[in-house]
Amino acid sequence: MQLKIYNSLTGEKEIFKPILEGNVGMYVCGPTVYSNVHLGNVRTFLSFDFIYRSLTHLGYKVRYVRNITDAGHLTDDGDVNNDRFVKQTRLEKLEPMEIVQKYTVDFHKVLEMFNLLPPNIEPTATGHIVEQIELTQKLIERGFAYESNGSVYFDVLEYNRRGLNYGELSKRNIEELFANTRDLDGQGEKKNPQDFALWKKASPAHIMRWNSPWGEGFPGWHLECTAMSTKYLGETFDIHGGGMDLKFPHHECEIAQGKACNDAAPVNYWMHANMLTMNSQRMSKSTGNYILPMQLVTGENDFFEKPFHPSIVRFCFLQAHYRSVLDISNDAMLASEKGFIRLMEAVKLLQSITPNDEKQSVFNLEEWKNKVYDALTDDFNSPVLIAHLFEAVKYIFVLNDGKETISTKDLEDLKSTLNALIFDVLGLQSIEENNNEKLDQTLNVLIELRNQARKSKNFELSDQIRDRLLAEGIELKDGRDGTTYVLN
């Protein structure tokens, strides 16, 4: 099976051909650690965790690099008051690196809660100031950048004059970009309105600052990713990922910096995860349609009727393709919980299935596996993959009822395939055994009470217990060896 990846640069699915056979270099833009990681960020990082897990499962040796932005992050490439770290230090009355530490810890804690694997390398912007200065010097020497009043800017017009194409990723026209540029603070230092900062001169109010050939300052946002990705993955590497919101200007600027420095495209496959909405509306603090990841898990919010286990949240997120908009709601989360419980119940039931090597099964395991891996290799299509998993779930419940059979060989193959896909690739986790044990104990008490009612010929109470449990999604099954239950 050939892996196909949708390349945002070409707008097409392409057969994946790694630079070094059997190996993948993947860089994903990480968080800017000036505040709590929000749910939309989690969706992006979870998408690339699934992609990382899938590549590994498919046999690739992956070097996964995801950065931490812990230096000045100017939203408008100019005014120090737009620096997110400066704003937060004033709000919380903390030193910049205290802000960085506080929210880096929060970021790791949240991602660990949702069972995201750590990257192989997690470099920081402040740990690569030297490399960023060297890149800036190289761009100046090659005529793609210029110094102005202690700051250094990338010359976008010069880049296009040399036959290169600023706007190729976002499909934007440079003339339109120039026409639509707002008059921002600091624009007077630039030759062209769309030139972007590689290095900014630090004003007296700016706390984070480093020495450079152009005076004290700090790196521009776009430069750090070029510095770190090329250091750890090479001048051209396989995959660069991030949220859709980073396509322009951040990733556009990365392409320009890479081509200007090294005369080569920095990335072969650009991948972008789409946005997360809640109740069909954009998540935003200003509108109040906003929730932190931890609030979804603890239930401390006004949008969801109950708390949801992190694995159920993860399962919900993976039911949408990474390139599709994902909308979460109370109903969507309840449906995901129901599906998750059924999936885990099937995995549990599979352990107690007795094989039968004498009768041929109607379930074609090889055909099913081909469909599963077709979905996985078709641009990591998690919703189709999950749909195929539930075909196997249906079969497992039929097996448990004794209406179908499975051979010893197929049973072991099905067990190993399901475990690999559910736990290794999708990254789902069983809900704590303690909770399952309490559920077992509670249901066993109810089953015992029902059995006593039946012995006493109190069929009204017996049926009431059965029907009430069924209404809650718990089906009692009376068999030769006693009564068991199934979560539907």
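Me: Helices (H or I, at least four residues) and strands (E, at least two) are DSSP runs, numbered from the N terminus. How many helices and strands does the protein have?

Reply: The protein has 16 helices and 15 strands. This is a predicted model, in which local features need pLDDT of at least 70 and side-chain atom pairs count only at pLDDT 80 or more, while totals for chains, interfaces and linings use all residues. Residues are numbered from 1 along each chain as its sequence is written, and side-chain values use heavy atoms, with hydrogens and water left out.

Me: What box do the C-alpha atoms fill, and what share of the residues is buried?

Reply: Taken along the principal axes, the C-alpha atoms fill a box of roughly 95 × 50 × 35 Å. Of the 488 residues, 52% count as buried. Buried means under 20% relative accessible area, exposed over 50%, and partly exposed in between, with a 1.4 Å probe and protein chains only. As for contacts (heavy atoms within 4.5 Å), 73% of those with a separation of 6 or more come from residues 24 or more positions apart.

Me: How many bridges join strand 5 to strand 6?

Reply: Four bridges join strand 5 to strand 6 (residues 151-154). Ala-145 has Phe-154 as its bridge partner, and Ser-148 stands opposite Ser-151. The hairpin of these strands has two residues between them, and Asn-149 takes a positive phi near 55° there.

Me: And what about the bridges of strand 7?

Reply: Three bridges join strand 6 to strand 7, with Tyr-153 partnered by Ala-197. Another three join strand 7 to strand 8, where the partner of Lys-200 is Phe-218. Five of the six residues of strand 7 are buried, so strand 7 is largely enclosed by the rest of the structure.

Me: Why does the pair of Tyr-166 and Phe-196 tie together parts apart in sequence?

Reply: Tyr-166 lies in the loop between helix 5 (156-161) and helix 6 (174-179), and Phe-196 lies in strand 7, so the pair ties together parts that are 30 residues apart in sequence. Tyr-166 counts as buried, at 2% relative accessibility, and Phe-196 counts as buried at 3%.

Me: How is the pair of Trp-199 and Trp-214 arranged: stacked or tilted?

Reply: The pair is tilted, at 6.1 Å centre to centre and 50° between the planes. Trp-199 is in strand 7 and Trp-214 is in the loop between strand 7 and strand 8, 15 residues apart. Trp-199 and Trp-214 are buried.

Me: Which residues form the aromatic cluster with Tyr-166?

Reply: Phe-144, Phe-154, Tyr-159, Phe-196 and Phe-248 form one aromatic cluster with Tyr-166. Arg-162 lies over the face of Phe-144, at 4.0 Å from the ring centre. A charge sits over a ring if NZ of Lys or CZ of Arg is within 6 Å of the ring centre and within 35 degrees of the ring normal. Arg-323 lies over the face of Tyr-6, at 4.1 Å from the ring centre.

Me: Lastly, helix 1: is it buried or exposed, and what span should its residues have?

Reply: In helix 1 (residues 39-57), 16 of the 19 residues are buried, so helix 1 is largely enclosed by the rest of the structure. The expected span of a helix is 1.5 Å times one less than its number of residues. Helix 1 should therefore span 27 Å, and its end C-alpha atoms are 26 Å apart, which agrees. Just after helix 1, Gly-59 takes a positive phi of about 105°.

Note on methods
Pairing = 2+ DSSP bridges. Phe/Tyr/Trp six-rings, centres within 6.5 Å; stacked < 30°, edge-to-face > 60°.
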